[in-house]
Amino acid sequence: AAEREKERRAQTGAPAPPPEKDLPEATSGEKIPSSAPTAEVANTLVIPDKPMNFDKVNAMNADVTLAAAHVANAPIPIDDLSMHLVLRDGILKLAPLTIGADPGSIKLDLSVNATRSPVRTDAKMAIRNYPIQRLLKQKDDDNNPTSFGAIGGHIELAGDGDSLHRLLDDADGEVALIGQGGRISDLVVQVIGMQVANIIGL
């Protein structure tokens with residue numbers, strides 16, 4: 001069939017088809033398409049698959065305490081912040097990082113073990129009365145917030161990975177969130193759903 005197609009193209013002057021690209025071979029000897037992501041795809045992921053450099057984590061020790069009574073230009077509502085960071089023998093710990101957003105708070109305990117390959121990360125987050133209307137700032141035509149109330153809950157995740165993408169891909173744990181005394185507009189719920197779907201690749 002291939003020879004007849006070549007003869008037909010030679011007689012009609014039709015251009016020859018592009019050469020087939022080499023494909024990985026299955027155990028049966030048949031060629032199958034590769035499903036491995038290219039570097040271009042990895043770089044355009046919502047959560048990039050870019051390896052983090054942990055050389056400095058393994059090269060130094062530190063004990064740092066920070067207390068900030070005011071935080072400006074933060075990506076989420078933050079009124080104050082405090083943290084205790086300990087780095088010793090390749091293990092980094094935030095015990096804890098506390099974010100205050102009146103009337104609530106977020107507390108994060110984080111451990112990163114860079115002596116392992118891939119790096120091991122354990123994280124626990126407690127959320128208490130975090131204000132929805134400050135996080136979701138959509139307003140109606142009368143300039144009133146469309147969402148209000150508070151969020152509470154906890155998140156526990158543990159996994160291995162040298163990039164945030166690989167860590168989340170490997171992580172196990174639990175996430176529990178609850179809305180307290182308020183509402184979230186249907187539009188905001190739909191937008192959040194679409195953003196989550198994009199993040200996990202649906």
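A pocket is here an open set of grid points with protein on both sides within 12 Å along at least five of seven lines, and its lining residues have an atom within 4 Å of a point. In the predicted model, the largest pocket is lined by 33 residues, among which Met-125, Ile-127, Ile-155, Leu-157 and Leu-168 lie nearest its centre. The elements that contribute two or more residues to this lining are β4, β5 (120-131), α4 (132-135), β6, α5 (164-170), β7 (172-183) and α6 (186-200). Of these, β5 provides the largest share, with seven residues. The space in the largest pocket amounts to about 910 Å³, and its lining divides into 28 nonpolar, three polar and two charged residues.

Ile-155, one of the residues nearest the centre of the largest pocket, belongs to strand β6, which spans residues 148-160. Leaving aside residues up to four places away in sequence, Ile-155 touches Ala-123, Lys-124, Met-125, Glu-174 and Val-175.

Ser-105 is found in strand β4, which comprises residues 104-113. Because its relative accessible area is 16%, and the term applies under 20%, Ser-105 is classed as buried.

Technical notes:
Residues are numbered from 1 along each chain as its sequence is written. This is a predicted model: local features need pLDDT of at least 70, side-chain atom pairs count only at pLDDT 80 or more; totals for chains, interfaces and linings use all residues. Side-chain values use heavy atoms; hydrogens and water are left out. Helices (H or I, at least four residues) and strands (E, at least two) are DSSP runs, numbered from the N terminus. Contact means heavy atoms within 4.5 Å. Buried means under 20% relative accessible area, exposed over 50%, partly exposed in between (1.4 Å probe, protein chains only). On a 1 Å grid over the protein atoms alone, a cavity is a set of points where a 1.4 Å probe fits but cannot get out, and a pocket is an open set with protein on both sides within 12 Å along at least five of seven lines; lining residues have an atom within 4 Å of a point. Grid points are joined across faces, edges and corners, and a volume is the space filled by probe spheres set on the points. Ala, Val, Leu, Ile, Met, Phe, Trp, Tyr, Cys and Pro count as nonpolar, Asp, Glu, Lys and Arg as charged, and the others, Gly among them, as polar.
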